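Here is a walk through a two-chain model, with an eye on how its parts meet. Please have the viewer open as you read.

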Amino acid sequence: MKPFEFFKPATIGDASKILADYGREGRALAGGTDLLIRMKRGQWTPRAVVSLNRIAALRAMEMNGELQLGARVTLGEIIRSAEARGQFPVLARTASKMAGVQVRSLATVGGNLCNASPSADMAPPLIALGARADIAGRDHERILPLEDFFVGPGQNALVPGEILRAIFIPRPADGFFCSYVKLEHREAMDIAIAGVAVSAQLAKSAAEIRNCLDVRIVLGAVAPVPRRAKRAEEILRGNDLTRERIQEAARLAASEAQPIDDVRGSAWYRRQMIEVLTRRQLLALMTAPL
Amino acid sequence: MRDNLLRMAKMRFPILLVVNGEEHELEIDPRRTLLQTLREELELGGTHLGCDSGDCGACTVLLDGEPAPSCLVLAADCDGRAIVTVEGLLQNGEPHAVQKALVAQGGIQCGYCTPGIVVSSVALLRANPNPNEAEVREAIAGNLCRCTGYQKIVEAVLAAAK
């Protein structure tokens, strides 16, 4: 690793000042599971590394009408949290599909989002849940819908000096369902070939018919950023869930993916799998318990 | 303010490292990982360097009770945190029940992955004293073993739980 100055400030304000001073040459350190690997490989050579690990506010997980999930909360803490398991089981399930137990002790939800990998597993379910990014800067704060947080592969919407403080997630109403399916070669320590998150607010329109009041379909690992399949959502929203409509929505979702060929899978295969993963999750909603 | 912040950023960073219950006051280069510091400064060679990228689990230690790859942690970031290495798992001067079971069940061949497997398994048994096979496999999914095929390791951990 190239030499760097190491800071471990106690407040978000101090961390923000240091990061603003160093601009593009400063890096925030949370779990370190991405940052240290890139620094060891010489891909990133920051002049300043600012550890966020003394800032207690970033580690809070509180239910205040909505879930305020501190950016520094680890994947392991999400899996063990009663709130996540009870109200947001999709988050605990997603975290348990990421890396392995050891890495999950370090890796954080904020780190996963800020590194903005197209395959970041936390992004599709959080976007499907309607999450917002709570951002603190040197002398301002702002809140961004999470889907607008991703700018490109490895690029997020933060400017130097801004820190992702928390993720705000609305409390689900009755009849709300959210799932995420990650396609991978093996069950642990693997990166998604493709992933689809589906959320829906359902109502009974007849005995066995489910009406889709609202829906989100979010695609991961098949575009430069996690991406909503808005045309697929559109044909479902406000309509009864039927097999025909679901087939059509799944086809549309596949057409909205922009996958690439790489070592994990071909663009063709990824597109096919987006259709399958979307269809399966939507079909499951037809018999969702209401 | 700026002066204060700059004073906090030294090229030699003072830390208090609490390893296996013992306190060590060190001044370290902030580039040093916890793994390097354990092996080279504290001469605790039980924690092994494998992939150096968090994929193999050979360097697993307990960090505040949780199993974590010490190659992905800066020692400077561990100030005051409780670290337990495989050397710290002795029970009354004897190997831990997991270690004895690994020996008895043939769960060790070359031994390179063993300290990481031991630390991960002990963390599992502390949180869940009666795991099933799936839970054992999940707990060591981040520990690569190229010799055993895992079956005897899993049997050993289950035996140690009894």
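The report below goes from the model itself to its domains, its chain interface and a few local details.

## About the model

This is a predicted model, in which local features need pLDDT of at least 70 and side-chain atom pairs count only at pLDDT 80 or more, while totals for chains, interfaces and linings use all residues. Residues are numbered from 1 along each chain as its sequence is written, chains are lettered from A and ligands numbered from 1 in the order in which they are written, and side-chain values use heavy atoms, with hydrogens and water left out.

Domain 1 of chain B and domain 2 of chain B each bring 13 residues to their contact, where contact means heavy atoms within 4.5 Å.

About 1000 Å² is buried between these two domains, and carbon and sulfur atoms give 62% of that area. Buried area here is the accessible area (1.4 Å probe) that two parts lose on being put together, summed over both. On the domain 1 side, His48(B), Leu62(B) and Val86(B) supply 40% of the area buried against domain 2, more than any other three residues. Between the domains there are zero salt bridges, a term for a side-chain nitrogen of Lys or Arg within 4 Å of a carboxyl oxygen of Asp or Glu.

Five residue pairs are in polar contact across this domain interface (both at pLDDT 80 or more). A polar contact is a pair of N or O atoms within 3.5 Å; within protein, one must be able to donate a hydrogen and the other to accept it, and residues adjacent in sequence count only if both atoms are side-chain atoms. Strand β3 (residues 60-63) of chain B gives the most to the domain 1 side, with three residues. Helices (H or I, at least four residues) and strands (E, at least two) are DSSP runs, numbered from the N terminus.

## Where chain B meets chain A

Which chain gives 36 residues to the contact, and which gives 34? Chain B gives 36 and chain A gives 34. Together they bury about 3000 Å², 61% of it on carbon and sulfur atoms. Arg31(B), Leu72(B) and Asp77(B) supply 22% of what chain B buries against chain A, more than any other three residues.

Four salt bridges cross this interface. The side chains of Lys40(A) and Asp52(B) also meet in a salt bridge, at 2.6 Å from N to O. On the chain B side, α1 (2-8), β3, β4 (66-69) and α5 (133-139) each supply at least two residues.

## An aromatic pair between chains

Phe6(A) and Phe13(B) form an edge-to-face aromatic pair, 5.0 Å centre to centre with 85° between the planes. Rings of Phe, Tyr and Trp (its six-membered ring) pair if their centres lie within 6.5 Å; planes under 30 degrees apart count as stacked, over 60 as edge-to-face and the rest as tilted. Phe6(A) lies in strand β1 (residues 5-7) of chain A and Phe13(B) in strand β1 (residues 13-19) of chain B, so the pair joins two chains.

## Two backbone details

Met189(A), which is not a glycine, has a positive phi of about 55°. Its place is the loop between β11 (176-183) and β12 (194-206) of chain A. Glu43(B), also not a glycine, has a positive phi of about 55°, and Glu43(B) is in the loop between α2 (34-41) and β3 of chain B.
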